Amino acid sequence: MVEIDEAHDGQRLDNFLLRLCKGVPKSHIYKAVRGGEVRVNKGRIQVDYRIKTGDVIRVPPLRLPEVRTDYVPPVEFPIVFEDDAVLVIDKPEGVAVHGGSGVSFGVIEQLRAARPDAKFLELVHRLDRDTSGLLLIAKRRSALTGMHESLRAGGWEKHYLALVDGDWMNARQHVRHPLLKWTTQSGERRVRVDPTGLASHTIFTLKARYGEFSLLDAELKTGRTHQIRVHVAAEGFPIAGDDKYGKDETNAALIARGFKRMFLHAHTLSLPHPLTGERLSLQAPLPPACVAFTEALAAKEDQ
């Protein structure tokens with residue numbers, strides 16, 4: 001018997017059960033609900049029922065897969081902002097935001113391990129593993145749905161800093177290449193410019209020239225997978241250190257110079273607070289490795 005608290009108020013019954021009974025096939029859960037084995041407040045219920053605070057759910061015995069014992073190290077990441085509804089961290093590069101695709105755990109699993117008493121912690125959006133910077137986590141379901149609504153309504157302003165390979169031409173440039181997801185023969189997820197793809201829009205503003213490289217501010221007007229990376233690569237200026245869409249010879253030269261990451265950082269983010277409506281203006285400074293590399297490039301230009 002499971003009593004619902006406010007953290008799960010409004011969630012669909014099937015989604016609640018899928019998370020509660022991790023690993024149990026969805027078909028088994030649906031069969032248990034349809035067969036009346038799952039009860040809410042002692043009554044039969046449909047899978048799309050929205051559970052409410054105080055509901056008591058009977059969960060029948062279900063066959064679970066073999067329990068995995070993988071250890072998830074608890075980690076508290078640098079906090080940019082936190083209240084009782086929202087947590088904003090400065091994610092390091094090289095850390096996945098969640099487990100899957102060959103990664104046993106990510107930011108969200110490590111945060112849950114570090115905060116065992118937290119009733120609700122969910123990713124609001126995602127960053128690529130090799131991208132650093134601002135990442136939002138909801139601490140209440142109402143905050144999660146509120147931020148998703150404002151994101152869909154275009155209420156977010158997202159800016160990234162990217163160092164690209166080459167001498168970028170325009171002070172300000174709109175790029176609107178449509179993007180299509182595809183999968184390589186090895187199963188790796190990629191994105192390419194394709195007329196049948198999803199509409200995509202990035203505004204690039206030149207911040208600094210370093211001869212062989214250029215520092216850009218990238219404002220996302222849409223949020224497609226790998227959008228910034230593919231847009232600059234399609235323009236002939238791939239991101240420094242990008243192992244998917246960059247130039248192998250450039251990346252090898254960067255590693256030889258001691259720079260061993262992709263230079264893409266979620267720098268600033270502005271959005272309405274999901275509960276109060278007050279505007280949140282968030283910023284994560286460039287990581288030290290990126291600052292040191294741009295300073296070295298600037299010094300080389302001055303010689």
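Okay, let's start with helix 1, residues 13-20, and helix 2, residues 26-34: they pack with their axes 10 Å apart, at an angle of about 125 degrees. Keep in mind that this is a predicted model. As for handedness, the crossing of helix 1 past helix 2 is right-handed.

So who touches whom here? From helix 1 we have Leu13, Asp14, Leu17 and Leu18, and across from them in helix 2 sit Lys26, Ile29, Tyr30 and Val33. Sort the residues of that contact by type and you get 6 nonpolar and 2 charged, with no polar ones.

Next, cysteines. How many disulfides does the count come to? It comes to 0. Let me pick out two cysteines anyway. Cys21 has 9% relative accessibility, and the cut-off for buried is under 20%, so Cys21 counts as buried. Cys290 has 0%, so that one is buried by the cut-off as well.

Last stop, helix 5, which covers residues 227-234. Is this helix mostly covered or mostly open? Mostly covered: 6 of its 8 residues are buried. If you want to find them in the structure, look for Gln227, Ile228, Arg229, Val230, His231 and Val232. Then, just after helix 5 ends, you run into Gly236, which takes a positive phi of about 95 degrees.

Methods
Residues numbered from 1 in each chain as written. Predicted model: local features only at pLDDT ≥ 70, side-chain atom pairs only at ≥ 80, totals over all residues. Heavy atoms only, no water. Axes fitted to C-alpha atoms, helices over the stretch in contact; angles between N-to-C directions. Helix = DSSP H or I, 4+ residues; strand = E, 2+ residues; numbered from the N terminus. Left-handed = near helix turned anticlockwise from the far one by under 90°. Contact = heavy atoms within 4.5 Å. Nonpolar A, V, L, I, M, F, W, Y, C, P; charged D, E, K, R; others polar. Disulfide = S-S within 2.5 Å. Buried < 20%, exposed > 50% of the residue type's maximum accessible area, 1.4 Å probe, protein only.
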